[in-house]
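Here's a quick tour of a protein with a ligand in place. Have a look at the model first, then read on.

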Amino acid sequence: MAAKERTLSIIKPDATRRNLTGKINAKFEDQGLRIIAQKRLHLTEDEAGKFYDVHRERPFFKDLVSFMISGPVVVQVLEGADAVAANRKIMGATNPANAEAGTIRKEFAESIEANSVHGSDSLDNAKREISFFFAETEIVG
Ligand code: ADP
Ligand code: MG
């Protein structure tokens, strides 16, 4: 039996700019994930840097932070069976050139950086990332 999980998703600025929030949300809902919390934010440089702290030493870190604050994002909690892995599958590979047909990144991403969505990569990171953006009272499962 697949365990019911929660994962953090972010619709990134390249996607909000192109008005793709609804099309991306339909991918989650059509494939069995429920959006149980959602808000639109414009991240500060400090918030984006803290969120991507694990990538601080990577060569793309500075550009990634600039991109993530270049426009609004939509942060959301997705719930469902094996939600962490299910969402990674719906998203597709980091580089859209390697993403499978039908995935969000294959259909919508502009580049390896402007790749439309973030999704937690483990249950532990999902818990940490959800609490980065949401109070328990804002999550209605
Ligand atoms: P994912 O988002 O698939 O978990 P990573 O955690 O490795 O990928 O990277 C975080 C984000 O950093 C990516 O989604 C993408 O926006 C950006 N990124 C990753 N690799 C590169 C790269 N080689 N060049 C530019 N940006 C990158
Ligand atoms: Mg990642």
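## Sorting the neighbours

A word on classes before we start: Ala, Val, Leu, Ile, Met, Phe, Trp, Tyr, Cys and Pro count as nonpolar, Asp, Glu, Lys and Arg as charged, and the others, Gly among them, as polar. Sorted that way, the shell around ligand 1 comes out as three nonpolar, three polar and four charged residues. Keep in mind that this is a predicted model.

Who are these neighbours? They are Lys12, His55, Phe60, Leu64, Arg88, Thr94, Arg105, Ile112, Glu113 and Asn115.

## Polar contacts and burial

On its own, ligand 1 would expose 530 Å², and the protein buries 79% of that. As for where the ligand sits, the space it takes is the largest pocket.

## The overall fold

Zooming out, the protein chain has seven helices and four strands. Starting at the N terminus, the order is β-α-α-β-α-α-β-α-α-β-α. The chain's radius of gyration is 14 Å, close to the 14 Å that the globule rule gives for 141 residues, so the chain is as compact as a globular protein of that length.

Along the principal axes, the C-alpha atoms fill a box of roughly 40 × 35 × 25 Å.

How values were computed
Residues numbered from 1 in each chain as written. Chains lettered and ligands numbered in written order. Predicted model: local features only at pLDDT ≥ 70, side-chain atom pairs only at ≥ 80, totals over all residues. Heavy atoms only, no water. Near = heavy atom within 4 Å. Areas by Shrake-Rupley, 256 points an atom, 1.4 Å probe, with all protein chains shown as cover. 1 Å grid on protein atoms, 1.4 Å probe; cavity = no way out; pocket = protein on both sides within 12 Å on 5 of 7 lines; lining within 4 Å. Sits in = over half its atoms within 2 Å of the grid points. Helix = DSSP H or I, 4+ residues; strand = E, 2+ residues; numbered from the N terminus. Rg over C-alpha atoms; globule rule 2.2 N^0.38 Å.
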